[in-house]
Amino acid sequence: MEKNLPFVSLSFVDKAYAKLIIPFLGKLDDGNVFKNIITFLLSLTAIALLLGGIYLAIVGLFGYEGYIKSYITNEGISGGKQFGAIIGLVLGFSISILTAWTLYSILKKRTEQLNEQVYLGLLDFVFNKTLPKLILILGELLFILFIYGGILQIIATMVGSYVYAPLSSYPGLILGLIPGTRMFNELIPNSIYGDYDNIGNSIKIAVMGIASSFVILIVFYIYKEIYSYLLKLITVFIGFLPKFAIPLAIRKRNEN
């Protein structure tokens, strides 16, 4: 066993050194620590999407501004609207839980795929493997969330009232992290609502939401291709950079 302390040898210190420090340094050298940190953060985000979705679905029901108080027990809303809001609550709650699970499952699977990638260095793992995968993940999550909004808008149109949509803030949060996507924020409705007197507009909003989900998915796949192309250009450019060296000439003088 390798000795740890100078001048003296303590078995428990040497064992701790062999079991903790040496393996840790080995993982740093082969890159497993950096790879594990990245995949752990993504796994943690996946769990947060699931638990956060369930939490929002429950918390959004109650309180002074909760769905029940605002649309079901509110005396200012007619009986027909209240009945429609009850149906919207049952369907909206169920679909929201299903959506939270779907978001979790997508990110979990993508994280597992990333974890299976061979580690060839930190720069390679971050720029060649993680970032392209992250671009696709964001596009896929937004795709599901816009589909979610479109389906709930269809339900709102059918019941002619409000529908419970606790995850409606998710798309704005994700888009806020990505530069150049402000135009998609305008497609996010403030509330999911249907009205029989304006059924044409309600259907239009639902169709636009579902159509936007496919547009967003395509856009993010294009973003991924553009990123990969730019990365190749940068790599080629760096390969053509001149290697600086100081030429040294050693002259040997022969004296007669």
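## Helices and the overall fold

A helix here is a DSSP run of H or I at least four residues long, and helices are numbered from the N terminus. With that in hand, welcome to the model, which is predicted. The secondary structure of the protein chain comes to 8 helices and 0 strands, and reading along the sequence gives the pattern α-α-α-α-α-α-α-α. Of the chain's 256 residues, 37% count as buried.

## Helix 8

Helix 8 takes in residues 199-240, 42 residues in total. From its first C-alpha to its last, helix 8 reaches 61 Å, close to the 62 Å expected at 1.5 Å a residue.

Is Leu217 buried or partly exposed? With a relative accessibility of 21%, Leu217 counts as partly exposed, because the cut-off for buried is under 20%. Leu217 and Gly139 are 78 residues apart along the chain, yet their C-alpha atoms are separated by 5.1 Å.

## Arg110 and Glu140

Arg110 is found in helix 4, while Glu140 lies in helix 5, residues 122-159. Arg110 has a relative accessibility of 18% and so counts as buried. Glu140 is buried as well, with a relative accessible area of 10%.

What does the side chain of Arg110 contact at 2.4 Å? Its partner in that polar contact is the side chain of Glu140. The side chain of Arg110 also makes a polar contact with the side chain of Gln113, at 2.9 Å.

## Salt bridges

How many salt bridges does a search of the whole structure find? The search finds 5. One of them joins the side chains of Lys81 and Asp195, with 3.7 Å from N to O. This pair links distant parts of the chain: Lys81 belongs to helix 4 (residues 79-115), and Asp195 sits in the loop between helix 7 (182-185) and helix 8, 114 residues apart. Asp195 is partly exposed, with a relative accessible area of 22%.

Another salt bridge brings together the side chains of Lys108 and Glu112, at 2.5 Å from N to O. An α-helix has 3.6 residues a turn, so residues three or four places apart point the same way. Lys108 and Glu112 are 4 residues apart in helix 4, so about one helical turn separates them. Lys108 counts as partly exposed at 35% relative accessibility, and Glu112 is partly exposed too, with a relative accessible area of 34%. A further salt bridge pairs Lys224 with Glu225, whose closest N and O atoms are 3.9 Å apart. Lys224 is partly exposed, at 23% relative accessible area.

## The largest pocket

The largest pocket holds about 290 Å³ of space. Of the 14 residues that line the largest pocket, the closest to its centre are Tyr67, Tyr164, Ala165, Pro166 and Ser168. Which kinds of residue make up the lining of the largest pocket? The lining divides into 9 nonpolar residues, 5 polar ones and no charged ones.

Ala165 is found in the loop between helix 5 and helix 6 (170-175), and is buried, with a relative accessible area of 16%. The C-alpha atoms of Ala165 and Leu89 are separated by 8.4 Å, although the two residues are 76 residues apart along the chain.

## An exposed leucine

Leu51 lies in helix 2, residues 32-59. Is Leu51 buried or exposed? Leu51 counts as exposed, with 52% relative accessibility, because the cut-off for exposed is over 50%. Leu51 and Trp101 are 50 residues apart in sequence, and their C-alpha atoms are 8.9 Å apart in space.

Terms used: Residues numbered from 1 in each chain as written. Predicted model: local features only at pLDDT ≥ 70, side-chain atom pairs only at ≥ 80, totals over all residues. Heavy atoms only, no water. 1 Å grid on protein atoms, 1.4 Å probe; cavity = no way out; pocket = protein on both sides within 12 Å on 5 of 7 lines; lining within 4 Å. Points joined across faces, edges and corners; volume = space filled by probe spheres on them. Nonpolar A, V, L, I, M, F, W, Y, C, P; charged D, E, K, R; others polar. Helix = DSSP H or I, 4+ residues; strand = E, 2+ residues; numbered from the N terminus. Expected span 1.5 Å × (residues − 1). Salt bridge = Lys/Arg side-chain N within 4 Å of Asp/Glu carboxyl O. Buried < 20%, exposed > 50% of the residue type's maximum accessible area, 1.4 Å probe, protein only. Polar contact = N/O pair within 3.5 Å; in protein donor to acceptor, adjacent residues only side chain to side chain.
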